[in-house]
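Please open the model in your viewer and keep the sequence at hand, as this tour moves from one selection to the next and says what is to be found at each stop.

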Amino acid sequence: MTTRPHERDVSSLKGRTVSVQDILDLFQVRVRDHRTVHRISQAFTDAGLTTLPDFAVCGLRSSVDVVPLAAVPAQRMPAEPEGEVDEADEALPSHALPQRLLLGDIPSARGGLVSVGPGTPLSQTTFLMRTKGLSQIPVTTGMAQVHGVVTWGSVAKMYGAGKPATLDNAMEKDELPVFDARQEFFAALPVVREHGYLLVRGDDGCLSGIVTAADVTDRFEGAARPFFIVGEIESLLRRCLGAALDTEAIKAVQTNKKPEHRTGQVSDLMFGDYLRLLDGDQTKQSLAERANRNWAALKWPNMPREQFIGLLKRVKDIRNRIAHFDEKPLPPEMIDELTTFAKVLREFAP
């Protein structure tokens with residue numbers, strides 16, 4: 001929930017350079033979504049201020065300048081749609097989309113790392129790698145100077161070349177993959193693919209973490225899988241509804257559009273419209289009555305309607321969390337709910 005600070009606290013930021021995280025902390029916001037961005041922006045507007053660049057599109061650790069609103073050219077706002085609109089169900093506005101993904105946004109890039117000094121015996125180094133499940137370990141002085149990196153591949157190369165088993169002989173020393181946390185993540189992916197890892201320097205110039213191929217896989221498995229499941233759910237819902245309902249039934253829930261723009265096409269529905277089509281307990285009586293007829297038209301006699309609607313509401317909430325770029329990955333139980341609902345729909349989709 002967004003907590004609006006006193007206007008004098010917002011006004012005190014005028015002329016200052018602050019981090020995006022400081023702004024979110026001031027408003028007690030954990031995640032930027034279209035609601036929190038709007039409320040924070042409105043508070044700045046009420047105080048006659050804005051940020052350059054827009055705090056909504058910068059990384060959490062980026063800094064923005066708080067400047068008078070009059071110093072920034074006004075932008076024309078889009079017209080409001082007619083009818084009732086579920087704010088949580090609207091498409092995420094472009095100004096709330098993340099501008100870019102930085103290496104520092106990957107947890108392991110700032111999560112610290114194990115290293116050894118240049119005088120460490122090789123046997124102790126490889127022992128650390130075995131016991132801590134590490135595939136590579138940097139050799140550093142004070143986390144600032146990197147002498148090399150010991151990997152299982154470099155150890156095997158040393159033995160293959162018949163060199164003495166020393167830390168110096170076991171290190172990779174040339175063209176080490178060392179990146180700054182503020183560099184773009186996608187630009188660094190070829191390096192991760194080539195080396196299997198990259199070392200990350202924090203804002204103070206010292207090593208702050210390491211990003212491995214496994215970290216990349218985990219990050220995008222957790223982020224991409226829910227997107228694909230929700231996409232399948234929407235596709236299945238549209239197949240079911242499109243096969244059973246006529247255009248007038250679809251138009252009845254397109255209340256976010258002007259009458260002449262209501263297409264009656266199931267492909268133009270938002271996720272909340274599925275509930276308005278099927279939920280017989282919704283507040284608006286005319287829609288509730290239509291929903292009863294729509295449910296009957298589906299001809300799902302063995303589907304418990306109340307449980308189906310309850311799960312559909314849960315999926316809608318999870319879908320909004322995904323669409324609004326919640327930084328925390330979905331917990332396994334939420335992914336299980338999405339997977340279960342997709343399985344149910346597969347059995348009934350034509």
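Begin by selecting strand S4 (residues 136–141) together with S5, for these two run antiparallel and are joined by six bridges. Helices (H or I, at least four residues) and strands (E, at least two) are DSSP runs numbered from the N terminus, and two strands are said to pair if DSSP finds at least two bridges between them. This is a predicted model, in which local features need pLDDT of at least 70 and side-chain atom pairs count only at pLDDT 80 or more, while totals for chains, interfaces and linings use all residues. Residues are numbered from 1 along each chain as its sequence is written, and side-chain values use heavy atoms, with hydrogens and water left out.

Within this pair, pick Val139, whose bridge partner in S5 is Gly148, and then move to the hairpin, where three residues lie between the strands and Gly142 takes a positive phi near 65°. Buried here means under 20% relative accessible area, exposed over 50%, and partly exposed in between, with a 1.4 Å probe and protein chains only. S5 also runs antiparallel to strand S6 (residues 171–172), to which two bridges join it, and Val149 has Glu172 as its bridge partner in S6.

Next, go to strand S8 (residues 197–201), which pairs with S9 in the antiparallel sense over five bridges. Tyr197 stands opposite Thr212 in S9, and in the turn of this hairpin, which has five residues between the strands, Gly205 has a positive phi of about 90°. In S9 (residues 207–212), six of the six residues are buried.

For the aromatic rings, note that rings of Phe, Tyr and Trp (its six-membered ring) pair if their centres lie within 6.5 Å, planes under 30 degrees apart counting as stacked, over 60 as edge-to-face and the rest as tilted. By this rule there are eight aromatic pairs. Select Phe271 and Tyr274: their ring centres are 5.2 Å apart and their planes stand at 70°, so the pair is edge-to-face. Both residues lie in helix H10 (residues 271–278), three residues apart, about one turn of the helix, and both are buried.

Finally, display Trp295, Trp300, Phe308, Phe341 and Phe348, which ring pairs link into a cluster.
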